Amino acid sequence: MTDLLENGRYTPALGLRLHTLAASLSQTVAWHAFDLRRHTHANQNWVAGLHNAHAAGDHDTGAGLLGDLAYQAAWRRDHTTAANILNYALTRVQNPAARCLLQLRLARTLAARGDRSERGAVLRALAAAEHYLNDAGTDRPAWCAWVSEADLAVDSGQALLDLGDTSRAHQLISEGERLLPPARDKTKGVFLAYRAASYLDLKEPEPAAAAASQSLLLARRIGAPRCARLVDNLLPRFEHYARAQGVPELLHLAAA
């Protein structure tokens with residue numbers, strides 16, 4: 001695609017289509033690299049996608065690519081950078097489903113900073129996400145076509161978990177998991193890891209171990225290394241409950 005854009009001959013209309021496709025391909029390659037922890041490669045492809053989205057005049061796709069860069073920054077615990085990127089992206093995006101997803105990511109990264117003074121900003125972002133999801137129809141950019149009530153519930157729950165509201169967080173995460181369609185097994189694995197974390201916060205190791213085991217088995221079955229790493233990050237917290245039901249089996253499974 002890059003060779004076509006740099007060396008090919010095409011009409012302006014076809015050029016827009018080529019840049020749009022290049023942006024989409026860059027985004028796909030970036031996520032694949034991100035899942036494999038090739039963060040520099042992922043970053044390069046997201047930035048390349050941004051250039052192509054700009055060339056195509058596609059503000060929503062550009063905002064989505066910015067949202068992906070913010071997700072990477074948050075994953076690497078640079079929540080200040082993530083929040084700055086998302087606030088800028090929200091000034092560019094128009095589609096309601098896209099705005100919903102960016103607001104959810106903003107709520108998550110603000111909550112993860114652990115600053116209780118930002119609780120109001122987190123709740124406002126969650127309320128905005130719910131509002132935009134209610135306004136979203138079927139005409140959505142491909143990169144956010146999947147966002148649903150399940151994502152709203154789980155991301156809201158995870159944000160509340162970071163704010164310390166563990167009981168409500170657990171309810172929302174469980175609700176989101178029930179709403180998730182079977183086709184989204186990778187997301188289900190991530191949701192199960194979140195549910196395990198919420199049970200650990202409630203000091204309930206048995207259901208936490210069950211959820212973590214399901215998540216890890218699912219991640220291995222479908223080949224989702226990022227999902228598996230979420231469970232790996234929880235394992236030190238299980239060591240305090242080595243005698244609890246299901247915990248030895250989980251630790252053995254993780255070591256296998």
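1. Contact here means heavy atoms within 4.5 Å. With that in hand, look at Ser-26: leaving aside neighbours within four places in sequence, Ser-26 is in contact with Asn-45, Ala-48 and Gly-49. Ser-26 sits in helix 2, residues 12–35. Its relative accessibility is 9%, so Ser-26 counts as buried (buried means under 20% relative accessible area, exposed over 50%, partly exposed in between, with a 1.4 Å probe and protein chains only).

2. A word on the ground rules. This is a predicted model, where local features need pLDDT of at least 70 and side-chain atom pairs count only at pLDDT 80 or more, while totals for chains, interfaces and linings use all residues. Residues are numbered from 1 along each chain as its sequence is written, and side-chain values use heavy atoms, with hydrogens and water left out.

3. Now Gln-27, also placed in helix 2. Gln-27 counts as buried because its relative accessibility is 10%. Its side chain makes a polar contact of 2.6 Å with the side chain of Asp-68 (a polar contact is a pair of N or O atoms within 3.5 Å; within protein, one must be able to donate a hydrogen and the other to accept it, and residues adjacent in sequence count only if both atoms are side-chain atoms). Not counting residues up to four places away in sequence, Gln-27 touches Asp-68 along with Trp-46, Gly-64, Leu-65 and Trp-143.

4. For another glutamine, go to Gln-171 in helix 9, residues 166–179. At 42% relative accessibility, Gln-171 counts as partly exposed.

5. On the fold as a whole, the protein chain has 13 helices and zero strands (DSSP runs numbered from the N terminus: helices are H or I of at least four residues, strands E of at least two). Of contacts between residues at least 6 apart in sequence, 58% join residues at least 24 apart.

6. Finally, burial overall: 50% of the 256 residues in the protein chain are buried.
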